[in-house]
Amino acid sequence: MASVELLGHAAMRNCRCPGGALHSTTLRMSSSLRLWRRRALSLSLLASSSLPSAGCVLPSPLRSVRRAVRGVSRNNGRCNNSSGFLVAQDFHLPPPPPHRRSRSGSTSFRLSAGAASIEQQQQQQPQTKAAAAPIELSKNFDFSSEEHLYNWWEAQGYFKPNTSSAAVGGGEPFVISMPPPNVTGALHMGHAMFVTLEDTMTRFWRMRGRPTLWLPGTDHAGIATQLVVEKMLASQGIKRTDLTREEFVSKVWEWKEKYGGAITNQLRRLGASCDWTRERFTLDDQLSRAVMEAFVHLHEKGLVYRGSYMVNWSPNLQTAVSDLEVEYSEEPGKLYYFKYHVAGGTSDDYLPVATTRPETVLGDTAVAVHPEDERYAKYVGKMAVVPLSEGRQIPIIADEYVEREFGTGALKITPGHDPNDYAIGKKLDLPIINIMNNDGTLNDRAGVYCGLDRFEARKQLWADLEKAGLAIKADPYTMRVPRSQRGSEVVEPLVSKQWFVTMKPLAEKALQAVQDGEICIIPNRFEKIYDHWLSNIKDWCVSRQLWWGHRIPVWYVEGTDEEEYVVARCEADAYSLACAKYGSDVKLTQESDVLDTWFSSGLWPFSTLGWPDTTADDFQLFYPTSVLETGHDILFFWVARMIMMGIEFTGKSPFSTVYLHGLVRDPQGRKMSKSLGNVVDPLDTIQEYGTDALRFTLVTGSGPGQDVNLSMERLNANKGFTNKLWNAGKFILQNLPPSTDEAAWKRLQDYEFKTEAALGGLPLTDRWVVSKLHALVDAVTTDYERLFFNEAARAIYAFFWDDFADWYIEASKTQLYNKEDSTSLAQTQAVLVYVFDAVLRLLHPLMPFVTEELWQGIPHEGPALIVSTWPQSGLSKDSTSVRHFEDLQALIRSIRNARAEYSVEPAKRISAIIVANPTFQSVIDEEKAVLVALSRLDPDNLRILSSSPGEAMQSVHLVVADGLEAYLPLTDMVDIGKEVERLNKQASKLQLDLDSSMKRLSSTKFVEKAPAAVVQGVRDQAKEAEDKLQIVKNRLSLLESMAVSSAQ
């Protein structure tokens, strides 16, 4: 589709938008805008919305376009995402960029709108220039502009790595692989956390000039996706088993194409500046080829085998699940005690045993006691009769595994249904009896209980034990219940034939990579956990009994009862191998199981870059990657497996740094869950507070590996920080030359502040703020490089709020409002722009939207902040000037505090006498205007002396530093009579409070019987009242003496 360009002219009157068409601006519709309107209407871009006719006051054209297109999306159903976030592919429309002043002084808007270019037609329209209007931003930052900015960035290609020779020459590529969210996923705060951190890294290194690739994608999520689709089909009255495998998989692909993009569109709303042109899906053809290659490779090395072992079985899903996908919860249950009679003995010859799962007694194959347990020594070697089994007998054995002090000291051994018993059974070569079907019902080995659900069988069997006189008791007991992460049902330990990968050889290399420092884990406390897990790793069950996923590339030879098979990359290769070994008439059947989803995820850092094709351009340029960022809760699920598989298949560690973030919790520190009702939706949060405030809150809330307690108070405070930035930008823009005065704007950019000589030529206040900025750049750059984003954020916040906004902007007014000194005015404007520009650059990785929009409004070089250069480190700093200005700040604070203490009206100017040594006098002389303005002093009654004045006794004396004092005449600050009256009232109240406290403390009954904390609290109150009363009396004494002196 062709491109349409919309040009808005400077002649559009009343335009008050300094940096983009995203503010609350008003302008008159130009002829070119009307022309665009006609074109847009002809393309049905505006649908039911319409633009005003010429001559009507129109909101910002880009906002109108945005609303109109959003309306089309919703009304015509063309928005293919659930986030409500307009993305370019919804319309095939790259959105318009923020408008910027062109060289001619016009304001340019561009919108790709699927029609022939009308730029030439616009050139024929009359071009006029109107007088520059005052620049004015809207009251607050408009969050709706975030979508527009994001679409513009993406349409301009700013998310792609710059792989030009110049860029590559600037340093090694910075590459980070996005942890692929499940294709079934909906945005939650965990996504918000990883997007914030990874986007911060990406934007930082992009601005540092390195070719930067953040590679996105999604995971096919075998269990989760199959569950979703099965539920969808069930709502239509269809069971999965009603379909063939191919039909079901086709249904899943249909679902994926319709709903699978929701999560990625929601990630966009968080500002994720990843290269969406390289987006991957774990079931893409290329990634599937990598999975087949990896499995075959491991099999050829003898690391893949098939066998019957105990696994975690999900009866509802009817598949094995990983140990790491089982969550244990403490739940109320019962501990059942019953009798195991000794075969051939009397009714008193029995072993008492206890279990939380009495139904498993039907699968017992031994009863074990400790070899030194005298209670049961006489029964060792004999046989016991399995209750309710029609006389089946099992051996009574002695084993040191049994704890004599635990329970009854007699342990039933069920190798087919308990992992610990399975280990004992393997050691002692006990038979394994499986009493359970795959769906959780009991099988024919359970006798009369066959067909009962496992939990129903538990109730029935216990009732039968009671009837048979075999039950002893059933005590309440807190059970540690294993549940599937995906299905939430109770999993069953079950012996099943599965495919496994031998992990020890892979784990040894992964351990060595961290021990040798080839891979750094942040925070490093997780290295011990990583080491412990890999040192004790078990073989990995990689088969899953699902239909959705990577089907295991194993083909069984028909007629061999699956004992003979071939492993190959594809069916054709499988037949070639099989024919060579079994003859040309061989028939093959592929394994029905699929691979564990984590198997394909383990290949993610290199399969997404083209592996197994190691000559692929992306693999050559971007592998190994730089950083792997993810939650610490999947260190074993994913991180360790990526390291093992990366080293095995590529010979290199897949990344050099692992950055682990914590969980996002509620304000009380609880894990967010639907059951607690404390889940916070990031999209709702963004709508209320803005994306930047959410990102900044998550970053500043904790450090690496630490959990974040998300509170609305902090979100609101950081929304205030966004507005503070916005207001600072408004102030600066309002005090710059007109934007149409390009020469003046160019001169502001030409000022030099980086060298020692340039810094030395500035006034003290300017030297201070520029020096502080240069120190900030050094510190923040180091923090970003070390991945201490919370420290970087706090440092920028403190400088901007405390130094720049509260001090420098206020001090700059003494020059900005002095129109007579044009040189000082221009210099102050230049410093404001220089510092604000640097602050926006430093903040951009953390708060991309508001910084981009503000940056577009100030004098700048380059098309966008996202691709601008990072502030230079190591620039000049004047530590002496910083120290001198800090002394001046201390003086101003002291005067302000005194004014507040004596309730001086804010607008009232007061007299002051400053006593200073020569050094301080020179500082005050240089910045006298700042001192007067920020302290609200009367310039005609400000004296600078070298010794104490004669009227010191009638003044408030402030000692600021050694060699710097201030005297504030009280008569100039307060009405002595009214102040005495006020203080007398205050003294009376304090005396009452003190008397009340002392009366309680004088009561022996109160002191002896009241809690110690209460008594101490009363003592503290009495002491506080006494101290305050003394201060008030001292002040009264001073004022009364002054009143007497005045009367004399």
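Lys339 has Pro352 of β13 standing opposite. The model is a predicted one. Strand β12, residues 326-341, pairs with β13 in the antiparallel sense, over six bridges. Both belong to an open sheet of three strands, ordered β13-β12-β18 and paired antiparallel. The edges are held by β13 (350-355) and β18 (471-484); each has a single partner strand, so one side of each is left without a neighbour in the sheet. From one strand to the next the twist averages 20 degrees.

Helix α12 (residues 454-467) lies across β12 and β18. Relative to β18, helix α12 runs at about 165 degrees.

## Four-stranded sheet

Four strands make up an open sheet in the order β11-β10-β19-β21, again with antiparallel pairing. Here β11 (319-321) and β21 (540-541) are the edge strands, and because each has a single partner strand, one side of each is left without a neighbour in the sheet. Strand β19 (residues 492-501) is joined to β21 by two bridges in the antiparallel sense. Val501 has Trp540 in β21 as its bridge partner.

Helix α11, residues 419-428, packs on this sheet and touches β10 (304-314) and β19. The direction of α11 makes about 145 degrees with that of β10.

## Helix α30

Helix α30 spans residues 918-926, and Phe920, Val923 and Ile924 are buried in it. These residues cover an arc of only 95 degrees around the axis, which puts them on the same side of α30. Pro918 and Asp925, on the other side of α30, are exposed.

Definitions and conventions. Residues are numbered from 1 along each chain as its sequence is written. This is a predicted model: local features need pLDDT of at least 70, side-chain atom pairs count only at pLDDT 80 or more; totals for chains, interfaces and linings use all residues. Side-chain values use heavy atoms; hydrogens and water are left out. Two strands pair if DSSP finds at least two bridges between them. Axes are lines fitted to C-alpha atoms, for helices over the stretch in contact, and angles run from 0 to 180 degrees between N-to-C directions. Contact means heavy atoms within 4.5 Å. Buried means under 20% relative accessible area, exposed over 50%, partly exposed in between (1.4 Å probe, protein chains only). The arc is that of the directions from the helix axis to the C-beta atoms.
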